[in-house]
Amino acid sequence: MDAFYEMFKIVLLFIALLIPGYILGKLKLVEGSAMLSFSNVLMYVAMPALVLSKLIGMDIAGIGVWEIAISAALPIVLVAILLLVCRLFKNGEQAKARALAFCAVFPNCGFLGIPLAAAMWPTNCRVVLYVSVFNVVSTFLLLTVGVYVLSGDKKEINLKKTLISPIFFAIVIGVACSAFGIGAKMTNLNSYSTMLAQLTTPLAMIAAGYELSKLHLIKMWKSAGIYVMSLIKLVAAPLITFGLLCLFKFVCGINISWDLSMAMLVATAVSTAASAPSMAKKYGADAEYAATLTLSGTLLCVITLPLMYLLFDLVF
């Protein structure tokens, strides 16, 4: 049970970071436009710096090709399965149904998954690498398949935008620095990226807390969609991932390391993508409903994620 309590404390700490943003939002001390700026700083500065800081001095000799391949392939398989599962839960309102499907399928791997992995295993670079690889592919799917889920129109997909990923470039630079020993020689570069990386978790959770301040906390729990979405996103997604990893390990004979299993747990068991409300608004789905699903899922993962962690830790 030590594994459960360890993860529970870390997740609870992350959720506690919602409080400053919630208070600022309630007191109207922060404007909505500021949250867009927060997101840009997170996407283009803090998150790439976090990935770079973890990879820059990593020993790449211990990284398995199969583990990178699984990290990249798993989000594709998972999105396909979860979209089929979503078809079992139909909603009369198309705008809400599209928002629910998006929220149930696409994880908050970037803003929550990567910082959580870094906080949980601060000296384990491989976990962060595998989560980052998962995030790159997941982001590509979010901006292609996810856009289609929300809009119902393939013309809304912008392939040029999907190929520009700050996390992808951070992975390439970080691995290159490790391969050529640059990280060990340029300690100032490591310190620089580490300082910027420290912005990631506070900014992400303050922004989420602000969004939470706009919702009616008691009323939102009366929506049945919250529990449907949470069942799929927070329970079914990690359990499907667990089953696939067991299949690879015990049937196919592929070595599934503890590092990879923990990375895939974090990548799939976290709550909905933080961009769900803004993307729902842009592509004609129910943005308010998407915000409700996103924030409620973030709160519920305090319970579900430690339980899933206990399962993964026991087997792998």
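**Reading the model**

Tutor: Buried means under 20% relative accessible area, exposed means over 50%, and partly exposed is in between, using a 1.4 Å probe and protein chains only. Before we go on, note that this is a predicted model, where local features need pLDDT of at least 70, side-chain atom pairs count only at pLDDT 80 or more, and totals for chains, interfaces and linings use all residues. Residues are numbered from 1 along each chain as its sequence is written, and side-chain values use heavy atoms, with hydrogens and water left out.

Student: Where does Ser 193 sit, and which residues does Ser 193 touch?

Tutor: Ser 193 belongs to helix α11, residues 187-197. Helices here are DSSP runs of H or I with at least four residues, strands are runs of E with at least two, and both are numbered from the N terminus. Leaving aside residues up to four places away in sequence, Ser 193 touches Ala 49, Leu 52 and Ser 53. A contact means heavy atoms within 4.5 Å.

Student: How many helices and strands does the protein have?

Tutor: There are 16 helices and zero strands.

Student: How do I read a helix by its buried residues?

Tutor: An α-helix has 3.6 residues a turn, so residues three or four places apart point the same way. Now take α2, residues 18-26, where Leu 18, Gly 21 and Gly 25 are buried. They cover an arc of only 70 degrees around the axis, which puts them on the same side of α2. That arc is taken from the directions from the helix axis to the C-beta atoms.

Student: What comes after α2?

Tutor: First the general idea: most residues other than glycine have a negative phi. Lys 28, which follows α2, has a positive phi of about 55 degrees although it is not a glycine. Lys 28 lies in the loop between α2 and α3 (32-55) and is exposed, at 71% relative accessible area.

Student: Which residues surround Ile 70 as contacts?

Tutor: Ile 70 is in helix α4, residues 65-86, and is buried, with a relative accessible area of 8%. With residues up to four places away in sequence not counted, its contacts are Pro 75, Leu 245, Phe 248, Ile 254, Ile 256 and Leu 260.

Student: What about contacts over the whole protein?

Tutor: Among contacts between residues at least 6 apart in sequence, 87% join residues at least 24 apart. Buried residues make up 52% of the 316 residues.

Student: What radius of gyration does the protein have?

Tutor: It has 19 Å, which agrees with the value near 20 Å that a compact globule of 316 residues would have. The radius is taken over C-alpha atoms, and the globule rule is 2.2 Å times the number of residues to the power 0.38. Along its principal axes, the C-alpha trace spans about 55 × 50 × 45 Å.
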